[in-house]
Amino acid sequence: QTNVQIGGRVQADIKSYKVGDVTTAGRVAKNELRVDDDETSRFWLSGTEDLGGGLKALFYVENRFNTDVGTGQNAGGNGLANGNTYLGLSGNFGQVTVGKHTFMEDQGNAVQYGIKGGQAIPSGFLGSKNILNFVDTTNGARASGMSTGRVNNSIQYVSPNFSGFKATVGFSTNPDGNEGTQAGAAPFNNGDYSKGQQYFLAGNYSNGPIFLNLAYYDQQLEGKPAVGDEKQVRLSGSYAFPFGLKVGAQFDRATIEAGAVDRERNAWQIPVSYQFGANTILASFTKAGDIKGQINSGAKMWTLGYDYALSKRTNVGVFYGKLDNDSNATYQPVDSGDTRNGSVLLGGESASIFAVAVKHTF
Amino acid sequence: QTNVQIGGRVQADIKSYKVGDVTTAGRVAKNELRVDDDETSRFWLSGTEDLGGGLKALFYVENRFNTDVGTGQNAGGNGLANGNTYLGLSGNFGQVTVGKHTFMEDQGNAVQYGIKGGQAIPSGFLGSKNILNFVDTTNGARASGMSTGRVNNSIQYVSPNFSGFKATVGFSTNPDGNEGTQAGAAPFNNGDYSKGQQYFLAGNYSNGPIFLNLAYYDQQLEGKPAVGDEKQVRLSGSYAFPFGLKVGAQFDRATIEAGAVDRERNAWQIPVSYQFGANTILASFTKAGDIKGQINSGAKMWTLGYDYALSKRTNVGVFYGKLDNDSNATYQPVDSGDTRNGSVLLGGESASIFAVAVKHTF
Amino acid sequence: QTNVQIGGRVQADIKSYKVGDVTTAGRVAKNELRVDDDETSRFWLSGTEDLGGGLKALFYVENRFNTDVGTGQNAGGNGLANGNTYLGLSGNFGQVTVGKHTFMEDQGNAVQYGIKGGQAIPSGFLGSKNILNFVDTTNGARASGMSTGRVNNSIQYVSPNFSGFKATVGFSTNPDGNEGTQAGAAPFNNGDYSKGQQYFLAGNYSNGPIFLNLAYYDQQLEGKPAVGDEKQVRLSGSYAFPFGLKVGAQFDRATIEAGAVDRERNAWQIPVSYQFGANTILASFTKAGDIKGQINSGAKMWTLGYDYALSKRTNVGVFYGKLDNDSNATYQPVDSGDTRNGSVLLGGESASIFAVAVKHTF
């Protein structure tokens with residue numbers, strides 16, 4: 001028991017989801033009242049062991065679950081060790097770990113939080129889970145996210161901190177975790193296994209009021225199918241004024257290999273927060289541009305929230321957000337709406353979300 | 001680690017299951033010798049945080065498993081956070097939590113335990129898992145339970161204790177946890193999402209030797225199918241004499257919407273226990289009445305047990321029970337018998353169970 | 001929290017898998033670069049309670065996961081309580097537990113480790129997961145292991161230690177955990193449930209430099225199908241010289257009921273290790289003989305490794321192994337190769353594995 005630490009985070013919210021701007025004749029869009037867990041709750045086991053000479057062994061195992069439904073009822077990423085999970089060594093040279101790591105997804109999320117962090121922002125309001133990280137599909141299917149969740153079968157190196165600067169390099173032999181089970185496409189049957197892989201690079205500068213982050217990944221699918229390979233670059237920054245105001249900006253360019261013409265789009269976000277005492281007001285505006293060569297295929301999203309810190313470990317908040325599709329776009333807020341009941345968005349429709357949330361860290 | 005507590009409960013039993021009163025020509029009913037986990041073992045993580053002014057933040061995460069088989073081999077409710085799991089606030093006003101809660105199922109189980117509680121009673125001998133909580137189906141299929149297990153997507157309010165009296169109110173936006181994935185039946189396509197929901201109300205009075213509990217729920221399925229909505233009310237009480245005898249009674253009325261005529265039945269139970277030192281003798285008789293309009297569709301069950309408390313945390317016991325179906329009833333003990341091997345009961349058949357059990361709380 | 005202990009083990013390796021000795025015309029075997037968890041990482045909850053008079057209650061719950069992929073992506077044995085999980089009593093009479101136990105699989109693995117144990121040997125290099133425990137199938141399908149993993153629904157008795165000697169007896173009412181769900185084959189429809197079961201017996205002598213272990217099991221499948229019943233006996237021993245050298249030997253005979261002629265083969269292994277300071281050199285040679293009546297159906301495997309103990313709890317190592325099939329054999333290293341991508345071995349082919357591994361115990 002002296003060798004392991006236990007920590008975690010639990011979240012829940014009560015949420016109203018409403019569809020708007022319906023223009024399709026005969027369409028009856030459905031609204032929903034929901035109880036959700038919008039951060040994927042989790043508990044982790046972790047530990048470090050001093051090996052002498054500045055060298056340390058370390059491990060981290062993150063177990064994910066939802067407060068609102070059972071594990072079996074929400075397979076998406078929940079389960080034992082389905083969060084970041086790795087072991088490795090750290091020392092003067094930095095830190096090397098092997099296992100599962102979140103590479104691209106969360107990069108830049110920090111700029112959306114208030115100065116002291118910890119606000120109960122629903123995950124769908126963060127860039128990692130909204131249109132900043134999504135690329136809409138062309139024919140009305142749901143928008144597909146870029147690299148989301150943990151990158152399986154991966155190795156990560158994090159450099160030491162040089163005057164506020166830190167670099168992260170990652171490599172995965174198979175991001176999807178289906179290593180050795182995908183049939184390779186014919187042209188790649190060359191004696192080497194058809195290599196799915198992901199490269200990841202990030203540079204971060206955090207110093208006093210300044211935060212800057214640049215991240216990039218390049219992913220090839222296991223079995224080398226004709227379409228689906230991804231590339232993404234994201235630049236994020238924020239400046240924190242001494243009186244509690246924090247202003248940020250994020251720019252994201254994502255490309256999905258899609259045959260003759262790749263699906264490529266730019267997106268950007270301006271997040272602003274103001275913290276006074278235990279109160280934080282949070283706002284953001286995000287714009288996903290048209291997919292290259294497809295007119296009116298973009299979307300915009302704005303969010304507004306008020307968070308109150310009951311303590312350093314417990315936050316409550318109310319949040320409102322609206323996602324507005326251009327006429328040919330079908331972006332969808334995460335964790336709401338489903339094609340089976342008619343609550344998923346059609347081209348040009350919008351959705352608004354009102355949530356009361358509570359979050360506790362242990 | 002100072003912010004989280006770990007506790008749990010493990011159980012196992014060796015069990016003989018025998019089918020009796022076979023009258024169907026050519027029927028060869030099968031008996032079974034089993035090793036089972038009849039309480040669904042579990043460990044929980046929990047914590048409270050003092051927020052000042054009498055206010056507290058709290059969370060509880062219950063992880064369920066079976067001691068006898070692997071998680072994947074017994075999907076029924078096992079898994080990370082598949083037990084009660086919630087977070088919320090408590091104070092002078094009472095306690096409000098959001099997540100998954102057990103509303104109806106366990107109501108009144110307390111009257112079956114001996115005075116000091118903790119006996120190793122197999123769950124199939126408790127009202128929550130036997131004919132007190134089941135409504136037989138009409139045509140030989142297995143009996144279907146009423147609201148069993150955790151109610152997903154739910155909010156619960158528990159009042160402060162007023163001189164022994166306490167009230168609980170619960171509401172779920174979707175008890176089955178399939179929020180937003182069920183197609184709504186046509187008449188409900190009215191612009192609001194077809195609302196599955198559950199209301200729950202309970203009042204409890206515990207004072208010295210007296211225990212009284214009244215509980216009610218009303219559930220509508222997501223997507224509003226034509227049949228399947230449920231209502232149930234249960235009144236439970238017990239009186240504990242100073243010399244170790246405890247006598248109780250439970251009455252249950254359950255209704256399942258089933259088209260032209262609802263399936264409705266009354267059931268009642270008389271549990272008696274006698275505790276002397278570390279020994280407890282436990283007995284109960286339960287009777288499920290005919291389903292309204294269906295003759296000989298009831299059943300009766302009696303149980304007898306002896307439990308020895310090796311400590312406050314460890315109990316061992318031997319238990320015998322017999323379930324007797326009326327000629328048109330097919331009630332079935334939980335955790336035994338399966339249609340695939342011929343050990344499930346046909347109309348009018350009985351089953352007896354003999355179990356040696358051990359239970360440990362940590 | 002005072003009643004429960006938490007411990008665990010995490011492992012990861014970077015692994016190159018190469019297919020050799022390809023003779024089939026047109027065959028293009030694939031090689032793989034992988035990140036794997038080759039020990040199935042785990043954390044356990046355990047506790048003991050002193051009941052007085054030398055009697056103790058005890059429990060153990062082992063939760064398994066992989067560091068490299070999510071739980072859902074690797075169903076094989078991972079999950080909550082999917083490792084050894086049991087509760088019971090211990091005293092002067094020995095220890096009796098009920099739940100899930102690993103009976104045969106790990107028997108004798110101890111002889112492959114260096115004198116002080118704890119080396120980061122990938123599981124595929126151990127007898128429990130390689131050709132010492134496998135019986136090849138007859139027609140090119142993958143080799144099937146003998147009893148691997150935990151034996152469900154089981155009871156175990158372990159004797160006290162008599163001058164270094166200890167006996168273990170196990171019984172399972174259903175090793176596969178599908179109790180009551182398999183249809184019984186016709187001749188067994190005799191009123192008793194068609195009894196799948198397993199008997200297990202082991203005797204161990206550990207005293208100073210000497211280790212001797214003899215283990216046997218006999219398993220009948222639930223539902224009594226015509227083929228598939230298993231028997232296995234394994235004798236293992238090692239001698240540890242005072243200067244760090246340890247020499248062992250294992251002999252295994254396995255039989256799988258397969259209709260007219262059972263599949264039966266002998267296998268043996270010679271493991272050698274040499275430990276000096278924190279360094280351990282490990283080598284082994286294993287030979288699986290022909291399956292009775294099938295010529296050239298055997299295989300051999302040799303392994304070589306170097307392990308460095310960074311501490312008592314953290315080991316790193318490099319390991320090389322080669323599995324060589326006879327012309328009619330299709331044994332396959334575990335955790336590598338898959339029929340879907342052409343990396344699984346055909347008759348007469350070989351495979352080599354090079355792995356860099358790290359292991360940490362907490």
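Which residue of β6(B) does B:G88 stand opposite? The answer is given in point 4, after some remarks on the model as a whole.

1. Basis of the model. This is a predicted model, in which local features need pLDDT of at least 70, side-chain atom pairs count only at pLDDT 80 or more, and totals for chains, interfaces and linings use all residues. Residues are numbered from 1 along each chain as its sequence is written, chains are lettered from A and ligands numbered from 1 in the order in which they are written, and side-chain values use heavy atoms, with hydrogens and water left out.

2. Confidence in chain A. The predictor's confidence in each residue is called pLDDT and runs from 0 to 100. Chain A has a mean pLDDT of 88, and 89% of its residues reach 70 or more. Within chain A, confidence is highest in strand β16 (residues 279–288), at a mean of 98, and lowest in strand β8 (residues 144–145), at 60. Over residues 186–191 of chain A, pLDDT stays under 50, and the model has 10 contacts beyond four places in sequence for them; a contact means heavy atoms within 4.5 Å. Where pLDDT is low, the predicted coordinates should not be read in detail.

3. Overall make-up of chain A. Chain A has 19 strands and zero helices. Both are DSSP runs, numbered from the N terminus: helices are H or I with at least four residues, and strands are E with at least two. Of the 362 residues of chain A, 59% count as buried. Buried means under 20% relative accessible area, exposed over 50%, and partly exposed in between (1.4 Å probe, protein chains only). Among the contacts in chain A with a separation of 6 or more, 59% come from residues 24 or more positions apart.

4. Strand β5 of chain B. Five of the seven residues of strand β5 (residues 85–91) of chain B are buried, so this strand is largely enclosed by the rest of the structure. Two strands pair if DSSP finds at least two bridges between them. On one side of the account, strand β4 (residues 55–65) of chain B pairs with β5(B) in the antiparallel sense over six bridges, and B:L58 stands opposite B:G88. Seven bridges also join β5(B) to strand β6 (residues 94–101) of chain B, again antiparallel. Here the opening question is settled: B:G88 stands opposite B:T97 in β6(B). A hairpin through two residues connects β5(B) to β6(B).

5. Strand β12 (residues 210–220) and strand β13 (residues 230–240) of chain C pair in the antiparallel sense over 10 bridges, with C:F211 opposite C:S238. β13(C) also pairs antiparallel with strand β14 (residues 245–256) of chain C, over 11 bridges, and C:A254 in β14(C) is the bridge partner of C:Q232. Four residues lie between β13(C) and β14(C) in their hairpin, and C:G244 in the turn has a positive phi of about 110°.

6. Salt bridges. A salt bridge is a side-chain nitrogen of Lys or Arg within 4 Å of a carboxyl oxygen of Asp or Glu. The whole structure holds 45 salt bridges over all chains. One of them links B:E49 to A:R313, at 3.8 Å from N to O. B:E49 lies in strand β3 (residues 41–52) of chain B and A:R313 in the loop between β17 (299–309) and β18 (314–325) of chain A, so the pair joins two chains. B:E49 is buried at a relative accessible area of 10%, and A:R313 is buried at 19%. In chain B, B:R64 forms a salt bridge with B:E62, their closest N and O atoms being 2.8 Å apart; B:R64 has a relative accessible area of 9%, and B:E62 has 4%.

7. The nonpolar core. A nonpolar core is a set of buried Ala, Val, Leu, Ile, Met, Phe, Trp, Tyr and Cys residues joined through side-chain atoms within 4.5 Å. The largest nonpolar core has 48 residues, and those with the most contacts inside it are A:F59, B:F59 and C:F59. Not counting residues up to four places away in sequence, B:F59 touches residues including A:V10, A:H360 and A:F362, as well as B:L45 and B:Y86.
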